[in-house]
Amino acid sequence: MTESGKSKSGRLRVLKNPQTDGDAPANDSTPPAKSRGIETCPRCFGTGLEIVAGEGARRCDCQTSDQLRRLFQSARIPARYQHCTLANFDAGTSEAMWIAKREAQIVLDDFLVIDGRGLLLVGPVGVGKTHLAVAILRELIERYQVPGLFYQFGALLRKIQDSYNAISQTSELTVLQPVFEADVLVLDELGASKPTDWVRDTMMQIINTRYNDKRLTIFTTNYSDRRKSEKDASELLEDRVGVALRSRLYEMCKTVEIEGDDYRKRSLAQTV
């Protein structure tokens, strides 16, 4: 099989559609057009896959828009960040922000061969960590049509805790299964919740599962690995998530420190 048909990880890939320049899983559950009561497509005859002579199969144009809409709906990207792309990320004059943007681009370009090694975006409030993380998620969905998911760290923990309530009629596994299985997960504001034993155990379960399955995870956090000075008494990331979890993050993510002015303050200054 040619390189275009198979990634280095050995997973079967569907050929890129020249009109959408995107890949899609070959085992998509989208029902054939005929079974949905619409006119059968003359290219794929309702199967959703178009056969290219001498090359293989690729997703037909008739499937692309519906599939992307479903993927974006299930990704849970907050409305405030749905516009985020790498193209509209304003790095200003900060070298660190330009480096972070470059690292995000590398993840996009090398997604099929990086074996799930993600990014840990570290920096103060307002330097664009969430923007970059969502941009990666959005553009991976668009380019490869892979299932992705966004969760704010505290919100995910609250949802898991709520699952213990019998009235909610949900279970912990119901909440965690999509987090385990998403091809791309953005976990925003890591360490934001109080570091109890339960929080650390829950996070270790999520991270170990994704690490073992080689699934890409993008983390953002306001907590650094080092203090600014000897007098700085602020907590480190290791203090918030624990030594074991921080060690695992070193293995599954590249740490990218972002420094720069708060973009909200920059925007306000430009309007005054």
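In this predicted model, Glu-139 touches Thr-85, Leu-86 and Leu-108, leaving aside residues up to four places away in sequence. Glu-139 is part of helix α3. The residue is buried, yet it has no salt bridge. Its nearest side chain of opposite charge is that of Arg-143, 5.1 Å away, whereas a salt bridge requires a Lys or Arg side-chain nitrogen within 4 Å of a carboxyl oxygen.

The sheet comes next. Five strands make up an open sheet, and they are arranged in the order β4-β5-β6-β3-β7 with parallel pairing. Strands β4 (148-152) and β7 (253-257) each have a single partner strand, so they stand at the edges and one side of each is left without a neighbour in the sheet. On average, neighbouring strands of this sheet are turned by 15° against each other, direction ignored.

Helix α3, which spans residues 129-144, packs on this sheet. The helix touches β3 (118-122), β4, β5 and β6 (216-221). Its direction makes about 165° with that of β6. Glu-139, described above, therefore belongs to a helix that is in contact with the sheet, contact here meaning heavy atoms within 4.5 Å.

Another helix, α4 (residues 153-162), lies across β4 and β5. Helix α4 runs at about 90° to β4.

Notes: Residues are numbered from 1 along each chain as its sequence is written. This is a predicted model: local features need pLDDT of at least 70, side-chain atom pairs count only at pLDDT 80 or more; totals for chains, interfaces and linings use all residues. Side-chain values use heavy atoms; hydrogens and water are left out. Two strands pair if DSSP finds at least two bridges between them. Helices (H or I, at least four residues) and strands (E, at least two) are DSSP runs, numbered from the N terminus. Axes are lines fitted to C-alpha atoms, for helices over the stretch in contact, and angles run from 0 to 180 degrees between N-to-C directions. Buried means under 20% relative accessible area, exposed over 50%, partly exposed in between (1.4 Å probe, protein chains only). Lys and Arg count as positive and Asp and Glu as negative; His and the chain ends are not counted.
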